[in-house]
Amino acid sequence: MIKNLGLAFKLIIFILTSTTIIFVAAFVYNYHYSKKTLLKNIEENARNLTLSTVYKIETVLRSVEEVPLNQASIIEKYPYQRQDLLKLVQSAVANNPEIFGSTFAFEPYAFNPTLLYFAPYYYRNNEKIILTFLGSDSYRYFYLDWFQIPKEIDSPVWSEPFYDEGAGNIIMSTYSVPFYKKIDGKNKFRGVVTADISLMWLKDIVSSVKIYKTGYAFLISQNGVMVTHPEKQLIMKESIFSIAEARKDSTLRQVGRKMITGEPGFVPLQDFVSGKKSWMYYAPLPSNGWSLGVIFPEEELFADVSRLSKQVLLIGVVGFTFLCIVIAFFSRTITKPLGSLARSTSEIVKGNLDIELPEVRANDEIGKLTRSFKEMKVALKEYIANLAATTAAKERIESELKIARTIQMSFLPKHFPPFPDKVEFEIFASLEPAKEIGGDLYDFFLLDEEHLFFVVGDVSDKGIPAALFMAVTKTLLKGTAEPQLKPSDILKRVNLELCQDNESNMFVTVFCGILNFKSGELLYSNAGHNPPLLVRAGQEPEWLELPKGFFLGVFEESQYDTKKVELRSGDLLLVYTDGVTEALNENKELYSEQRLLETTRTYPDNSPEELVNNVVNAVKSFSKEVSQADDITVLALRFKGIKEDSPYPGFFQYA
Amino acid sequence: MEIEKKREQEAAVVSLKGRMDAVSSPEFEKEMAALIAEGNNALILDFAALDYISSSGLRSILTITKKLKEKDGKLLIAGLKGMVKEVFEISGFRSIIPIFESVESARSQI
């Protein structure tokens, strides 16, 4: 289909397609590369942001941890009274604004064998520090996590966040440090020192983390419980795992697991509140194993990249449109002259060589092409004119050749039977001219009332010179032949004549004979001609034995001999030129003497006319499509003789 | 027809292969004329591989013979066979051009 479209359209298609591919590839690469680079930067920033937040929180947590750690070491080292303890706790709360409340919580009966509970608790309430004693039937604190866990693991621990319902419904977390008493060289657990902190300040720190428009941070506890989150209803009520469960979000579950095991990381996920595609950096708080997550909404993250991409795309589209216009314009400037050139040349093809080709100003390929066409047109015109002239001349020459041919052929006797009143012999001859004018000849005439002269010859060349040479030879033979002369004498004389001023080295082969048709005596001579066939009546054809003799027209000193053969009634002589024996077929095989012999043998009883025609036809059907290269001449002479005892002269018999 | 020329001390030996007819004989004549013009006064034509000779081929040989005669040169023919041999016999060429069995025996006659 494409090949039927115009050049302009093809140009547009090909150029735009390739440009599009290049542009899209560059665009995609650029987009991904920018994204990757951006992501790397963002990860870096996110880590810094997250870690600085973690550090802020850590600083507070560490300073809080200091207090119960100190208190624990104090009461392990020094003896104390109830008052000392109260004072210690009170000052801890009073001196540390981050601490919401603090206590020494003793094992049952550890402080005083009579007291099941002993846990003096100071806490803040409206700028005041209030003392209360923990422990009751409904609040058996030594069964609570903040007491049990440090006791069990023998080390300080931050508790899971919890709602403190007794102290103003705030979310708190407790740092509990176990303390011991040395009894018999062994450390015996006595209780824990705690410091409660309100998580309100945590919320402030965490929510102060603002990234882009909707980015935010959240904190989960060691169990994955939401400690802070912009969505308040999640806090303490949901854990990262319950959210993952509800959303059937396995990625979130895996991330959650990593978070609570204390790993940092940077992952893509769906924001579990907005559902938007996001990235999250998370890092643990080393003190309590909580984890801070910072969420970056992807569309905001990549807003710049997207904006840039949109701009690039826009530039691309504008560029394409511009390119389209330029190509369309440019290809029109190319194709327009091409189109008119095509129209003009199709006129030329129709043969209209007078059509004007479009004017060209540019010197580009199209200009050159048009100029070439102009030159071609002029050359064609000249060529055609020449051709017409040449053809006319050739036709004239051909018609002249035809006339020459006709004249040449008219030299030859063509009326058969030539001597209707001569019953003693029959003669027939045929000359099949080759396409090119040739130099074969045959002739026969009566020398007197009992002698017939006959001749077959072949001039060595072809064309007008050969035809002229043939005419000269024939005329000389006719002029020379006399009953008193032997055939060899005739040839000798003709040779001498032909040799004079024969610059062209043309020559002619001749076989000639004089038949005494009363007696049957045949005298013959030869000048380099093919041997004739002698067909004795009722016998196999045989080659006539020839006297030596060189072509006519070459050497003045050439010698010729005459031989004699007695013909009997019914004997036939077949004379031919090499156009017969050297006729070629399509396999480049010669017709050959052998085939001539066969053909002659096949028709032993035919009249000379039939035999000649049979031979000519046999040669022609042998050559088939191969064009005849040489004249084909065949002459047949049958001696009938007169039956000695015939009562009627002229009544003859075949042998 | 293929024409192969060897210029030897005593004579130039020309080996012919194929058909010497109206088409190939003008070229043959030209090549031989060039050889004679070079000063090769003795030519041995090796006809051992020549399959056919037409009357125009014979005419070319005649022309060369005459040319050589004018210069007191010699034309010798060797290796006649088959149809070519017959043509030489019939035409009487044998009587005007020395014929040899082989190139070697022709060479020894110079």
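Start in chain B with helix α2 (residues 55-70), which lies across β2, β3 and β4 (74-78) of chain B and runs at about 175° to β3(B). Contact here means heavy atoms within 4.5 Å. Helices (H or I, at least four residues) and strands (E, at least two) are DSSP runs, numbered from the N terminus. Axes are lines fitted to C-alpha atoms, for helices over the stretch in contact, and angles run from 0 to 180 degrees between N-to-C directions. Next, select helix α3 (residues 82-91) of chain B, which packs on the sheet and touches β3, β4 and β5 of chain B; its direction makes about 115° with that of β3(B).

This is a predicted model, in which local features need pLDDT of at least 70, side-chain atom pairs count only at pLDDT 80 or more, and totals for chains, interfaces and linings use all residues. Residues are numbered from 1 along each chain as its sequence is written, chains are lettered from A and ligands numbered from 1 in the order in which they are written, and side-chain values use heavy atoms, with hydrogens and water left out.

Now show the sheet under these helices. The open sheet has 5 strands in the order β1-β2-β3-β4-β5 (chain B), with mixed pairing; two strands pair if DSSP finds at least two bridges between them. Strands β1 (2-7) and β5 (99-100) of chain B are at the edges with a single partner strand each, so one side of each has no neighbour in the sheet. Strands β2 (residues 12-20) and β3 (residues 42-53) of chain B run parallel and are joined by 8 bridges. Pick Val13(B): its bridge partner in β3(B) is Ile44(B).

Move to where the chains meet. Here 22 residues of chain A are in contact with 19 residues of chain B. The two chains bury about 1800 Å² between them, 59% of it on carbon and sulfur atoms. Buried area is the accessible area (1.4 Å probe) that two parts lose on being put together, summed over both. Select Asn505(A), Phe550(A) and Phe555(A), which supply 30% of the area that chain A buries against chain B, more than any other three residues.

Colour chain A by domain: domain 1 (2-59 + 202-301), domain 2 (79-198), domain 3 (332-411) and domain 4 (413-639), with bounds from an automatic or database domain assignment. The C-alpha centres of domain 1 and domain 2 of chain A lie 41 Å apart. Their contact takes 10 residues from domain 1 and 8 residues from domain 2 of chain A.

Within chain A, find the open sheet of 5 strands ordered β9-β8-β12-β11-β10, with antiparallel pairing. Its edge strands are β9 (226-228) and β10 (265-270) of chain A. The twist averages 35° from one strand to the next. Helix α1 (residues 7-77) of chain A packs on this sheet, touching β10, β11 (277-285) and β12 (290-297) of chain A.

Finish at helix α3 (residues 145-153) of chain A. Which of its residues are buried? They are Trp146(A), Phe147(A) and Pro150(A), where buried means under 20% relative accessible area, exposed over 50%, and partly exposed in between (1.4 Å probe, protein chains only). They cover an arc of only 105° around the axis, which puts them on the same side of α3(A); the arc is that of the directions from the helix axis to the C-beta atoms. On the other side of α3(A), Asp145(A) and Glu152(A) are exposed.
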